[in-house]
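The sequence and the model are shown first.

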Amino acid sequence: MVSVMPSKAPSLYPPQSRLLRDLGLRLREARLRRRLSVSQVAERTEVSRPTLNKVEKGDPAVTLGTYLRVLTVLGLEKDLALLAAEDPVGRRLQDAGLAVPRRAPKRKVLIFAPVTATENGKEEDSK
C-alpha cells in the first residue's frame, strides 16, 4: 500500500514548521539508534523511500497516518497518546461553565404557489 500525498503542502507558521522538522529529526535519530536503514523502515511502513525521507525532514504534506506508521515501526506509537492529553485551557473553560455558542436557527423557506391565468385573463393563485 502506497500513501498518496497531497499535491500542495499546507502552509504553516514558522513555529509549526520547526515542530514538524524537529519531529522528523527525532524519528530519524530513533531509526538510526535502532540501526535500521531507510529501506527497511520504508518497507515495514509500506511507503516509498522518498516519502520516508520527507517524514524525516518534517514535510507537512505527509499524512498523519504515515507519521503514525513510522512511529509504530519504531515502537514509539504510544508517544502519540501523550499529544493533547493535557488541556489546561479547555479544563479552565469547562470549569468556568462558559456557555457554548449556539448556531442560529435555520431560516424558514417560503414556498409560493404557481400563478395561472384564468379564462377571463386575470391571474389567480392555484392552491
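## Thr45 and its surroundings

Thr45 touches Arg69, Val70 and Val73, not counting residues up to four places away in sequence, where contact means heavy atoms within 4.5 Å. Thr45 belongs to helix H2. With a relative accessible area of 2%, Thr45 is buried; buried means under 20% relative accessible area, exposed over 50%, and partly exposed in between (1.4 Å probe, protein chains only). A polar atom of the Thr45 side chain lies 3.2 Å from the backbone oxygen of Ala42. A polar contact is a pair of N or O atoms within 3.5 Å; within protein, one atom must be able to donate a hydrogen and the other to accept it, and residues adjacent in sequence count only if both atoms are side-chain atoms.

The model is predicted, so local features need pLDDT of at least 70 and side-chain atom pairs count only at pLDDT 80 or more, whereas totals for chains, interfaces and linings use all residues. Residues are numbered from 1 along each chain as its sequence is written, and side-chain values use heavy atoms, with hydrogens and water left out.

## Overall fold

The protein chain has 5 helices and 2 strands, arranged along the sequence as α-α-α-α-α-β-β. Helices (H or I, at least four residues) and strands (E, at least two) are DSSP runs, numbered from the N terminus. Of the 127 residues in the protein chain, 19% are buried. Among contacts with a separation of 6 or more, 53% join residues 24 or more positions apart.

## Helix packing

Two helix pairs are set out below. Axes are lines fitted to C-alpha atoms, for helices over the stretch in contact, and angles run from 0 to 180 degrees between N-to-C directions.

| Helix pair | Axis separation | Angle |
|---|---|---|
| H2 and H3 | 9 Å | about 105° |
| H3 and H4 | within 11 Å | roughly 90° |

The H3 and H4 axes cross at roughly 90°, which makes H3 roughly perpendicular to H4. Angles under 35 degrees count as roughly parallel, over 145 as roughly antiparallel, 65 to 115 as roughly perpendicular and the rest as oblique. H3 contributes Thr51, Leu52, Lys54 and Val55 to this contact, and H4 contributes Thr66, Tyr67 and Val70. By class, the residues of the contact of H3 with H4 are 4 nonpolar, 2 polar and 1 charged. Here Ala, Val, Leu, Ile, Met, Phe, Trp, Tyr, Cys and Pro count as nonpolar, Asp, Glu, Lys and Arg as charged, and the others, Gly among them, as polar.

H2 and H3 pack at about 105° and are therefore roughly perpendicular to each other. On the H2 side the contact is made by Val38, Ser39, Val41 and Ala42, and on the H3 side by Arg49, Leu52 and Asn53. The contact of H2 with H3 divides into 4 nonpolar, 2 polar and 1 charged residues.

## The nonpolar core

A nonpolar core is a set of buried Ala, Val, Leu, Ile, Met, Phe, Trp, Tyr and Cys residues joined through side-chain atoms within 4.5 Å. The largest one has 15 residues, of which Leu27, Leu52, Val55, Tyr67, Val70 and Leu74 touch the most other members. Two or more residues of this core come from each of helix H1 (14-33), helix H2 (38-45), H3 and H4. Which residues does Val70 touch, not counting those up to four places away in sequence? They are Leu27, Thr45, Leu52 and Val55.

## Exposed and partly exposed sites

Thr72, in helix H4, is partly exposed, with a relative accessible area of 41%. Its C-alpha atom is separated by 9.6 Å from that of Arg44, 28 residues apart along the chain.

Arg35 is placed in the loop between H1 and H2. Arg35 is not a glycine, and its phi is positive, near 55°; at 77% relative accessibility, Arg35 counts as exposed. Ala84, in the loop between H4 and H5, also has a positive phi, of about 60°, and is exposed, with a relative accessible area of 73%.

Helix H5 (residues 88-96) has 9 residues, and the number buried is 0, so H5 lies largely in the open. Just after H5, Gly97 takes a positive phi of about 70°.
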